[in-house]
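Please look over the sequence and the structure shown here, and read the report that follows alongside them.

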Amino acid sequence: MNNQLLIKEKLQDKLEKIQTKSDGSPVTDLKLDKTLAEEIEQLTTELESVNPNIYPLLYATSLLEGAWQLQYSTAREIRSLISLPLGLKLGKVYQVIDVANKSFFNLAKVKHSLGLISGYVKVTASFELAKEDLEPQPNKRLNVYFDKRYLSIENIVGINTPQLNAFKVVPANNPTSRTATLDITYLDETLRIGRGGDGSLFILSKSNDLSDFTSSS
């Protein structure tokens, strides 16, 4: 086993162990003790250093296509979803990328702890390739522009509610003083690592769970 696969296996084993009670929802560093969070960061940094696709936006865009499930993140927006009001709990979180149209959407499943209600929050966005400082052409950075936020209720006490899907659509928030960016720092057929412009970490695995969500519109 080469060094890249060995580090990847160690990182995935670590993530699987901490997700045993998460019901598929992403784990954040706030849920872990400091030592474990540091171990994950160290393994992530090591894996980024042996990225098999060091120019993902030039030579590996096909690998970006499709649905990805968020496994772990240090981002503020993900941390805030962990503590929802009214007995609601965060479920699985996905990002679905359409490379040809330079668009994606983030989808967060939500359900009540007693099963009274379930639904999701979806945020649509577009992206463009961005040049980093001193780089002659796009390398791994995307500029991100959020579009709309959809709030949907799919089920109430076991009854499907298509009339509430979506019951509210509002403009999504973008940073006021800067353009949101995402660096693709590791990419292969099954795993993706990204770093936000604020340094936040996102670790995602390729997913086939989203047959009902095939469009970002």
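## Thr74 and its surroundings

Leaving out residues up to four places away in sequence, Thr74 touches Asp29, Arg79, Ser200 and Leu201, where contact means heavy atoms within 4.5 Å. Thr74 is placed in the loop between strand 2 (66–73) and helix 5 (76–82); helices (H or I, at least four residues) and strands (E, at least two) are DSSP runs, numbered from the N terminus. The side chain of Thr74 also reaches the backbone nitrogen of Leu201, at 2.9 Å, which falls under the definition of a polar contact: a pair of N or O atoms within 3.5 Å, where within protein one must be able to donate a hydrogen and the other to accept it, and residues adjacent in sequence count only if both atoms are side-chain atoms.

## Basis of the model

This is a predicted model, in which local features need pLDDT of at least 70 and side-chain atom pairs count only at pLDDT 80 or more, while totals for chains, interfaces and linings use all residues. Residues are numbered from 1 along each chain as its sequence is written, and side-chain values use heavy atoms, with hydrogens and water left out.

## Helix 1

Helix 1 comprises 16 residues (residues 3–18), which at 1.5 Å a residue should span 22 Å, and the C-alpha atoms at its ends are 23 Å apart, in agreement with that expectation; the expected span is 1.5 Å times one less than the number of residues. The buried residues of helix 1 are Gln4, Ile7, Lys8, Leu11, Leu15 and Ile18, with buried meaning under 20% relative accessible area, exposed over 50%, and partly exposed in between (1.4 Å probe, protein chains only). Seen down the axis of helix 1, these buried residues fall within an arc of 100°, so they line one face of the helix; the arc is that of the directions from the helix axis to the C-beta atoms.

The cover over the buried residues of helix 1 includes strand 1 (27–28), helix 2 (34–49), strand 2, strand 9 (180–187), strand 10 (191–196) and strand 11 (201–207), whereas the face turned away from the buried side carries the exposed residues Glu16 and Lys17.

## Helix 2

Leu36, Ala37, Ile40, Leu43, Thr44, Leu47 and Glu48 are buried in helix 2. Viewed down the helix 2 axis, the buried residues fall within an arc of 140°, so they line one face of the helix.

These buried residues pack against helix 1, strand 2, strand 9, strand 10 and strand 11, and the face of helix 2 turned away from them carries the exposed residues Lys34 and Ser49. At the start of helix 2, a side-chain oxygen of Asp33 comes to within 3.1 Å of the backbone nitrogen of Thr35.

Gln95 lies in strand 3 (residues 88–98) and counts as buried, at 12% relative accessibility. The side chain of Gln95 makes a polar contact of 2.8 Å with the side chain of Arg192. Apart from neighbours within four places in sequence, the residues in contact with Gln95 include Trp68, Phe104, Phe105, Arg192 and Leu204.

The charged end of Arg192 sits over the ring of Trp68, 5.0 Å from its centre, and the charged end of Lys122 sits over the ring of Phe105, 5.0 Å from its centre; a charge sits over a ring if NZ of Lys or CZ of Arg is within 6 Å of the ring centre and within 35 degrees of the ring normal.

## Lys102

Lys102 lies in the loop between strand 3 and strand 4 (103–112), and its phi is near 50°, a positive value in a residue other than glycine. At 43% relative accessibility, Lys102 counts as partly exposed.
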